[in-house]
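Here are my notes on this model, written while clicking through it. Have the viewer open as you read.

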Amino acid sequence: MYLYRHSHNGAVPSGLEAAPRRHQLYIDLATPTLVHAAMDIKNAHISIARQAILLILTHRAHLPSAHSLDRLLLLYFLSYYQNPTVTIIQVARTFEFYLQTDALDQGEALASHLFGLAYATVLRSHLYPAIPQPFCITLIHDDTTLIAPPFQPTQTRPQPPTSPNELDPHNTPLPYAIQLLETILRDIFRCELATGKTHLLQRPLPPTHQCNLQTLMHLFPTGTSITTTHIILAGIPIMTHGSQSHALTPILSKFAKFTALLLSIPALDMQLSL
């Protein structure tokens, strides 16, 4: 329940189903100036600072409202990670063994939960309050999707800034939120966003509109891409009006391809009847 309240849909029951529906509602019903920014953390589990997770678990375990499971999770973390853990990496046909003294073991049973708990806690306390509404955060493990306006003119700043160094949470909510997220990842978790994996979805706007992303790309990280059709969230396309066929065609083509391969199996009817 804690993770659900903190927008982490990847570690709660039915979270993967709820997240795409929420974003599709924003697309269908909210103002077209809102932008969905889908991002990915580079090598999240094997890069995150172990000390950051320990500090968050320790803080939660000593809160007056702490649950007994919070203390058990802290004890589990200390027990499992008290010694270096063995990591196996395949190189060509050989396997190399390394002792890992930081980050999380990617195959460890609670690694996803530990990452999600730490990540959601920090974003809820450091990122969410810093951006004025409307603002939405959706987390599915390390995949992070934000919803916010890219630009909001004010009396003192009627035009967009010319440099990322001039971002403001009230004037440029989404670029500022992404910049703040990069700072949080770097300073607290020792992570970074994956280059070239930031995708912005915006419903079509007139070319002269002040919130048209085509005129604001200098405010976003290098390698950011724009689409007016769809993005993929939890394996499901989030689609703008009129782009259903464009978004679903690749998925349906793959389905048709694999269905044809299945039906081409010799004597399939006989095998299914056994």
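1. The protein has nine helices and nine strands, taken as DSSP runs (H or I of at least four residues for helices, E of at least two for strands) and numbered from the N terminus. This is a predicted model, where local features need pLDDT of at least 70 and side-chain atom pairs count only at pLDDT 80 or more, while totals for chains, interfaces and linings use all residues. Residues are numbered from 1 along each chain as its sequence is written, and side-chain values use heavy atoms, with hydrogens and water left out.

2. Overall dimensions: the C-alpha trace spans about 65 × 60 × 40 Å along its principal axes. The accessible surface is about 15200 Å², with 60% of that on carbon and sulfur atoms (Shrake-Rupley, 1.4 Å probe; for residues, only the protein chains shown count as cover). Of the 274 residues, 43% are buried, where buried means under 20% relative accessible area, exposed over 50%, and partly exposed in between.

3. On contacts (heavy atoms within 4.5 Å): take those between residues at least 6 apart in sequence, and 66% of them join residues at least 24 apart. As for charge, there are 16 positive and 16 negative side chains, and the centres of the two sets are 3 Å apart. Lys and Arg count as positive, Asp and Glu as negative, with His and the chain ends left out; the charge is placed at NZ of Lys, CZ of Arg, CG of Asp or CD of Glu.

4. Which residue is worth a look as a buried Arg? Arg 50, at 9% relative accessibility, counts as buried. Arg 50 sits in helix α4 (residues 50–61). Leaving out residues up to four places away in sequence, Arg 50 touches Phe 77, Tyr 81, Thr 85, Gln 100, Thr 101, Asp 102 and Ala 103. A polar atom of the Arg 50 side chain is 2.8 Å from the backbone oxygen of Ala 103; the cut-off for such a polar contact is a pair of N or O atoms within 3.5 Å, where within protein one must be able to donate a hydrogen and the other to accept it, and sequence-adjacent residues count only if both atoms are side-chain atoms.

5. Ala 103 is in the loop between β3 (94–100) and α6, and is buried at 3% relative accessibility. Arg 190 also has a positive phi, about 60°, without being a glycine, but Arg 190 is partly exposed at 43%.

6. Two loop details to finish. The peptide bond from Gln 133 to Pro 134 is cis, with omega near 5°, and Pro 134 is in the loop between α6 and β4. Thr 240, in the loop between β9 (236–239) and α8 (244–263), is buried at 1% relative accessibility, and its side chain reaches the backbone oxygen of Thr 228 at 2.6 Å.

Definitions and conventions. Buried means under 20% relative accessible area, exposed over 50%, partly exposed in between (1.4 Å probe, protein chains only).
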